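Please read them alongside the coordinates.

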Amino acid sequence: MDERQVIEAREVWKIFGERAEEALRAVRQDGLHKAEVLERFGAVVAVRDVDFAVEKGEIFCIMGLSGSGKSTLVRHINRLIQPTHGQILVNGQDMGALSAEELRALRASRIGMVFQNMALLPHRTVRDNIAFALELRNTDPFTCHQSANGLLETVGLAGYGDAMPSELSGGMQQRVGLARALAADPDILLMDEPFSALDPLIRRGLQDEFLVLSRTMDKTTVFITHDLDEAMRLGSRIGIMRDGEMVQIGTPEDIILHPKDGYVADFVQGLSRLKLVFAHRIMERPEIYDKSHGNLADADTWPQAHPKADLNSLVSLIVGQQCPIAIRDNGKLAGIVTKDALLKGIQG
Amino acid sequence: MKVHAPGGQDGGQATAPPDNSDSLASFKEFAGPRGDRYGRTFLRIQQAKLPGYHLNTSALIGGFLWAALRGNWPLFWIGFAADMVAAVNMALVHKYDLAAVQAAADGKDFLVQRYDGWSDAHLQAALILFFAGRLLLGWLADRLYYHHYTRWRINRSLPSGQTIKRLGVGMLAVLLVAPLTIYRASQFAPDQRSCIKLAHMIQDGEQVPLKDRFDCWTISEFPTLVWLQRPPQYSFPRNDDGTRSIVVKEPSSQRPVNLNNWLSEHIDQGIGYMKAFYGWLFDGVTRWIRVLLNAVEAVFVGTPWIVTSLMLVMAAVKLAGSRMGVFTAAVLIYMMLFGFWQTAMSTISLTVAATVICVVAGLPLGIWVAKSKVGAAVVTPALDIMQTIPSFVYLLPAVAFFSVGKPPGILATVIFAMPPMVRLTALGIQHVPASTKEAALAFGASPRQLLLKVELPLALPSIMAGVNQVVMLSLSMVVIAAIIGAGGMGFIVVDALARTQVGRGILAGIGIALIAMMIDRVVQKANRM
């Protein structure tokens, strides 16, 4: 097994309904559609034969419209939902094989979770909410108090420890939710549409803060969202779900440049590529450029960029210039980006 | 039909009357025979032009038979009921005329006069009812028939037109209802006692006139269908060594008894058996209630009035603010001035004891109902029954098993007052948002931690509402329990009722109301603060 894989899902199926087992057999044999299963067995196929692996330290975004099974899928990771079929491995440990007590210990210490509707406990102060996971493991009140105060500072809510959740705005409440998930210092964060209920400006701010936090804290994150922009901004890799199936898994750039089918293509169509596509995808090899233009010798006088520079930075470089951009990797000329190529790249 | 350009002159209605052939066709299709006549009438109803005096002559003359023909059953029953009551009155006229003749033959003049008077009154009633009923039917007929039509337009399977078959159905209903009803009105019906005597005579093999037997079966009370062997009499005397033995005696009479007597004797014997052989159980319950009550009474009754009243006022101020403190003081002063202090404190003690038992038993039950399907399936029907039974009826089993006094009074109160505690606890727990519970589970909460740290705290407002209800219900039941010797303020009321001492009863009643208001306000305010 790959040491770097923190979470691994193998052939996970989830079918809701009294006749789930029966339905599962029929679906696997005859490949029924969702509607057929509902009609024949009164069962709902929520997750359909999903495989994925999340590596240490990455943010794995699961993107899909409502009803695509993404929230159901993420609940399998900490076994809030039992799969009808398949396995979930966390750090190589089969979640299905854990006893109730082991499972509780794992949830309390290794896996933090943030919810779309915050789900804070309204009768507890912000500080007691954050320390909830610690308290459940019978940590002494002093330690709870101290670590909660530390986390309040981390999420930028220092001084709000004695407030009640109802006194905070939505954005602040979700910061508390994040702090609560971080309280037990878990390696894994499950984020179930954490920013969906917030208004766009606050969402933007929290996304940025979360990016910074996750880089510094080195957590492995599974991030659920229905917002492709959000997935592209945050995700190291993205899994796109439809009707319970994982349609495509890849880096944001992969998905935008090589959508696997029409469904994904429709999704990414309207998306701005400025920050998602990089120079090495659109550059021409120097020798090919030289054949058509013949002025490669002037390359040193042109604007210079790295192959990993996004289109946005290339636009800034080329505005007002007559010449193309030279792309250099470690000083070696790797390619040329002309104005035409750049415009084509932005258009997609 | 003319089509007017938008914004044109609005003379369309005046020059060309609106086309109503569609409506008329539909009316005729519905009405069938005499469609033209009903079509015109319905059109006038639709246009709100039907005069107030409009009558349907067919309905006026034909009565409920017209309604049956047309398949309008509401009208059928209205017409039939009016005619039926008129007929019953006519039968009564006949009955009293015969009775008057009989009385004249017996030479009882005062009876003749009375019967003649009744006969006249019933005759007038019969005539008025008959004619008023027919008029009403004639007036309603077309109006309700139109309503019938509008429903038929929505649902074509409703009866329409007129068929002879429906007349047959109507006649069948008349045949089932009318003869016996009219016969009952024309006869002096035998009472239940004479029918039982008749049954005994039949059992003894005597000859009985057929008419008497028929009357007892049809126009008296419901006849006794089942005659059962009278059960033997059991008693459970105590032996010298303290054990009980069962003694069976032959029943006092060999005559069979009806179902009611038979079953109630069996129930009596069952209770007697339980008390004789499981008395320790009931005695144990009684003792524990007694212990609890003694502890509570030591606080309220056993403490000098100065201390108790001061404590109560201070508690009210602390729990519900100074205004409630003043009100509490006023209530307590009323009790002292009118000499109700001891009895009021006794009532409060009973209430507190009952409340304590309700909360201690109701909270776990409520949690069980919320958490377990079995719990809900077992407890919910029991609660439904407990809340449907009138409070008076609770006293019976309490007295049967626990005899009279304060403990059975508290027991009856507990059964009466507990349902809201169980229900509201369950409700509060069930209404904890699923997302909140999920969050707690996601952070590794055990079922116990989930209950204690999430569900119960979130259900607390609902639980406190339950406690408030329990207190109020306990107070009301404690007063009623005075009938079985629970004492307190209720006893004064019961006693005053028995001796028709209205004034004393009213003063005590006001006292009870004041105590109820005091407790209710303080508990409610305390919940809110």
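How many helices and strands does the secondary structure of chain A come to?

1. The secondary structure of chain A comes to 16 helices and 13 strands. Helices (H or I, at least four residues) and strands (E, at least two) are DSSP runs, numbered from the N terminus. This is a predicted model, in which local features need pLDDT of at least 70 and side-chain atom pairs count only at pLDDT 80 or more, while totals for chains, interfaces and linings use all residues. Residues are numbered from 1 along each chain as its sequence is written, and chains are lettered from A and ligands numbered from 1 in the order in which they are written.

2. The C-alpha trace of chain A spans about 70 × 60 × 40 Å along its principal axes. Chain A has 348 residues, of which 43% count as buried (20 or more other C-beta atoms within 10 Å of the residue's own, with C-beta atoms placed from the backbone). Of the contacts in chain A between residues at least 6 apart in sequence, 68% join residues at least 24 apart; a contact requires C-beta atoms, placed from the backbone, to lie within 7 Å.

3. Chain A is divided into domain 1 (54–79 + 94–110 + 186–269) and domain 2 (279–347), with bounds from an automatic or database domain assignment. The C-alpha centres of these two domains of chain A lie 34 Å apart.

4. Strands E12 (residues 325–329) and E13 (residues 332–337) of chain A pair in the antiparallel sense over five bridges; pairing needs at least two bridges found by DSSP. E12(A) and E13(A) form a hairpin with two residues between them, and Asn330(A) in the turn has a positive phi of about 55 degrees. Asp329(A) has Lys332(A) in E13(A) as its bridge partner.

5. The contact between the chains takes 15 residues from chain A and 14 residues from chain B. On the side of chain B that touches chain A, helix H19 (434–442) and helix H20 (447–480) of chain B each supply at least two residues. H19(B) gives the largest share of that side, six residues. The residues of that side of chain B divide into eight nonpolar, five polar and one charged. Here Ala, Val, Leu, Ile, Met, Phe, Trp, Tyr, Cys and Pro count as nonpolar, Asp, Glu, Lys and Arg as charged, and the others, Gly among them, as polar.

6. Thr436(B), Ala439(B), Ala440(B), Leu441(B) and Ala442(B) are the buried residues of H19(B). The buried residues of H19(B) pack against H20 of chain B together with helix H4 (100–109) and strand E6 (111–114) of chain A. Gly444(B) follows H19(B) and has a positive phi, near 90 degrees.

Notes
Two residues are in contact if their C-beta atoms, placed from the backbone, lie within 7 Å. A residue is buried if 20 or more other C-beta atoms lie within 10 Å of its own, exposed if 12 or fewer, and partly exposed in between; C-beta atoms are placed from the backbone.
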